Amino acid sequence: LSRIIRYAIERKKAEREREKLLSEQLAIQELEKRRNEFVNMVVHELRTPLTSLKAHAQILRKHFSLTGDEAVIRTTTRMNTQINKLTDLISDFQDITRIEGGRLQFRESYFDFDELVNEIVEEMQPVTDRQLLLRDGETNKTVWGDRSRIGQVITNLIMNAIKYAPDSDRIVIKMQSDDTTVTLQIQDFGPGIPQTVQDKIFAPFFRVEGATARTISGLGLGLYISAEIIQRQEGHLWVESQEGKGSTFCFTLPIEREHPLEEKETAS
Ligand code: ADP
């Protein structure tokens with residue numbers, strides 16, 4: 001009899017444990033849902049005045065570029081830079097909630113990979129004093145994927161090389177391809193990333209501790225979003241780095257994937 005009682009008690013205990021775990025999981029899901037709703041609301045509320053601010057700054061710059069007032073042009077240019085930073089930050093927050101809510105969308109079509117990389121390098125060169133060197137600059141490949149999202153990844157990786165390798169006078173960008181994939185490498189000659197955290201930098205909100213984290217602003221979202229985009233495009237993003245020697249961020253993308261013939265939108 002005592003064995004039966006003990007068994008019944010054990011079962012009751014296990015049942016209670018299971019119920020507790022379940023209610024904890026539900027509570028976490030509820031919290032995540034509320035956090036996402038909150039972030040969405042904040043993003044929406046910030047986006048509207050920011051868009052209007054940006055338009056006003058552009059009008060000011062246009063007006064004063066005609067009259068040639070240097071000081072005002074400089075100020076409006078700075079305003080524009082800061083507005084763009086805020087816009088990027090808001091976009092990152094929006095992407096995070098989209099990823100976590102399974103709502104990150106892709107607009108896919110065929111695009112010229114070399115043209116995209118060249119376009120981004122040309123756009124970014126004027127905003128940095130670092131040399132952006134395009135080596136082995138041709139794959140001659142047409143890739144099926146979301147051009148804008150892949151462009152977001154390339155921009156983010158080059159921006160990181162500029163931000164985190166301030167003493168690197170050049171950033172080397174290499175394109176390669178074979179029959180099935182294209183590869184892009186972005187190499188800087190900055191401080192590098194310690195071996196122990198090389199896989200952690202792709203987690204949300206992770207930043208490598210140290211002097212750079214304190215002086216260079218960021219939230220640790222860019223690489224997480226980039227890795228998610230590349231993975232969803234059936235590619236792979238990784239880093240090769242040695243402390244004191246620099247970092248090379250690389251990604252591969254398949255050239256052909258299963259897809260309908262026309263442009264399509266996919267949610268996760
Ligand atoms: P953020 O730049 O907003 O911090 P990221 O997700 O882009 O976010 O990067 C995460 C962290 O990885 C950065 O905080 C930085 O510590 C490290 N990191 C990224 N790129 C480089 C690089 N090229 N060189 C050295 N460290 C880097």
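Hi everyone, let's start with Y110, which counts as partly exposed because its relative accessibility is 39%. On this scale, buried means under 20% relative accessible area, exposed means over 50%, and partly exposed is in between, using a 1.4 Å probe and protein chains only. Before I go on, a word on the source: this is a predicted model, where local features need pLDDT of at least 70 and side-chain atom pairs count only at pLDDT 80 or more, while totals for chains, interfaces and linings use all residues. Residues are numbered from 1 along each chain as its sequence is written, and side-chain values use heavy atoms, with hydrogens and water left out.

Now, the aromatic rings. How many aromatic pairs does the structure hold? There are two aromatic pairs. Y110 and W144 make one of them, an edge-to-face pair with 5.0 Å centre to centre and 70° between the planes. To count as a pair, rings of Phe, Tyr and Trp (its six-membered ring) need centres within 6.5 Å; planes under 30 degrees apart are stacked, over 60 edge-to-face, and the rest tilted. This pair links distant parts of the chain, with Y110 in strand β1 (residues 106–112) and W144 in strand β3 (residues 142–145), 34 residues apart. Helices (H or I, at least four residues) and strands (E, at least two) are DSSP runs, numbered from the N terminus. Is W144 buried or exposed? W144 is buried, because its relative accessibility is 3%.

In the F202 and F249 pair, the ring centres are 6.4 Å apart and the planes sit at 70°, so this pair is edge-to-face. Again, distant parts of the chain are linked: F202 is in the loop between β5 (181–187) and α5 (211–215), F249 is in strand β7, and they are 47 residues apart. F202 is buried, at 17% relative accessible area, and F249 counts as buried at 8% relative accessibility.

While we are in strand β7, have a look at S247, which also has its place there. At 5% relative accessibility, S247 counts as buried. Its side chain joins that of S241 through a polar contact of 3.1 Å. A polar contact is a pair of N or O atoms within 3.5 Å; within protein, one must be able to donate a hydrogen and the other to accept it, and residues adjacent in sequence count only if both atoms are side-chain atoms.

Next, the ligand. Which residues are closest to the ligand? Of the 19 residues that surround the ligand, the closest are N160, Y164, D188, R207 and L223. Here, a residue is near a molecule if one of its heavy atoms lies within 4 Å of it. A polar side-chain atom of D188 lies 2.9 Å from a ligand nitrogen atom. Backbone N or O atoms take part too: one of G220 lies 3.0 Å from a ligand oxygen atom, and one of L223 lies 2.8 Å from a ligand oxygen atom. Which element gives the most to the shell around the ligand? That is α4, with four residues.

Finally, two backbone angles. Most residues other than glycine have a negative phi. N140, however, has a positive phi of about 55° and is not a glycine. You will find N140 in the loop between β2 (131–135) and β3, and N140 counts as exposed because its relative accessibility is 61%. E234 has a positive phi as well, near 65°. E234 is in the loop between α6 and β6 (236–242) and counts as exposed at 52% relative accessibility.
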